[in-house]
Amino acid sequence: MGKIILITVLLLAVGCDKLDSQIKKEPSPAHGYTHRLKVGNRTLLVEIVKTPAAMQQGLSARNKMDDSQGMFFDFGKDVSVSPGFWMKDMKFNLDIIWVHQNKIVGITAEVQAPTKNLNVKIENLPLYYPPSPVDSVLEVKAGWAKKNNVKLGDVVELK
C-alpha cells in the first residue's frame, strides 16, 4: 500500500512524460460537475477525480470554472498523503483547500496560473503542498474561500 501511495504522490508532484503525452492525445471528457459538496455552510457542484491520470490532468487547459463549481481530488479515506500540486497549463487562478477526515486543514489562496507560457515544463513550476497530510483536496476559483468565509476546521462532505 505504501508503494502505491508513493507512486501516486510522485506522479502528482513530478509528472510522468509518458502519462502526460497520453493525456494530451485522449479527447477530454465532458466536465462532470455533478456531485454536491458541502463546505461549511456553502454547497458546490464538483467533479470528483480519483485516478492518477485524472489527478495529473486536473483543471489544466480549461478556460474557466464558475463560482459554484470545484474539482475534488479524492485520495481515499484510509490514506494520508502530502501531494504536490502544480498549475500546469492553467488558464485561471485557484484556491486550494486541503482536507483531512472531512475537515479543512489548510487553505492556499490565490494560487496564480502561469502568465507567460501555458506550456511551461513541469520541472519549472512551483509546487504547492498541504500543511499536513490530507485525504482529499478541493480546487475552487481564486477568492472563493475568502468570499465564502471558509476557514480551518470547516466540515467538507459529499452530499
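From the N terminus on, the elements of the protein follow the order α-α-β-β-α-β-β-β-β-α-β. That makes 4 helices and 7 strands. Here helices (H or I, at least four residues) and strands (E, at least two) are DSSP runs, numbered from the N terminus. The model is a predicted one, in which local features need pLDDT of at least 70 and side-chain atom pairs count only at pLDDT 80 or more, while totals for chains, interfaces and linings use all residues. Residues are numbered from 1 along each chain as its sequence is written, and side-chain values use heavy atoms, with hydrogens and water left out.

The predictor's confidence in each residue is given as pLDDT, on a scale from 0 to 100. The protein averages a pLDDT of 80, and 77% of the residues score at least 70. Over residues 1–30 the pLDDT is below 50, although this stretch has 38 contacts in the model beyond near neighbours in sequence. A contact means heavy atoms within 4.5 Å. Where pLDDT is low, the predicted coordinates should not be read in detail.

Some totals describe the whole chain. Of its 159 residues, 43% count as buried; buried means under 20% relative accessible area, exposed means over 50%, and partly exposed lies in between (1.4 Å probe, protein chains only). The accessible surface comes to about 8,800 Å², and carbon and sulfur atoms account for 53% of it. These areas come from the Shrake-Rupley method with a 1.4 Å probe, and for residues only the protein chains shown count as cover. Among contacts between residues at least 6 apart in sequence, 76% join residues at least 24 apart.

Next comes the sheet. The 7 strands form an open sheet in the order E5-E4-E6-E3-E2-E1-E7, with mixed pairing. Two strands pair if DSSP finds at least two bridges between them. Strand E5 (103–111) and strand E7 (156–158) stand at the edges with a single partner strand each, so one side of each has no neighbour in the sheet. On average, neighbouring strands of this sheet are turned by 30° against each other, direction ignored. The axes behind such angles are lines fitted to C-alpha atoms, for helices over the stretch in contact, and angles run from 0 to 180 degrees between N-to-C directions.

Strand E1 is joined to E7 by 3 bridges, and the two run antiparallel; Lys38 has Glu157 in E7 as its bridge partner. Strand E1 (residues 35–39) also pairs with strand E2 (residues 42–49), in the antiparallel sense over 5 bridges. In that pairing His35 stands opposite Val46 in E2, and Val39 has Arg42 as its bridge partner. The hairpin of E1 and E2 has 2 residues between the strands, and Gly40 in this hairpin takes a positive phi near 60°.

E2 then pairs with E3 in the parallel sense over 5 bridges.

Two residues illustrate the loop between helix H3 and E3. The side chain of Arg62 makes a polar contact with the side chain of Glu47 (3.0 Å). A polar contact is a pair of N or O atoms within 3.5 Å; within protein, one must be able to donate a hydrogen and the other to accept it, and residues adjacent in sequence count only if both atoms are side-chain atoms. Met65 is in the loop between H3 and E3 as well and is buried, with a relative accessible area of 2%. Residues that Met65 touches include Tyr33, Leu59, Phe92, Leu94 and Val140. Met65 and Ala142 are 77 residues apart in sequence and 9.9 Å apart in space, C-alpha to C-alpha.

The loop between E4 and E5 deserves a look for its backbone angles. Most residues other than glycine have a negative phi. Gln101, in the loop between strand E4 (94–100) and E5, has a positive phi near 50°, and at 58% relative accessibility it counts as exposed. Asn102 is placed in the loop between E4 and E5 and has a positive phi of about 65°. Asn102 is partly exposed, with a relative accessible area of 33%.

Definitions and conventions:
Lists of a residue's contacts leave out its neighbours within four places in sequence.
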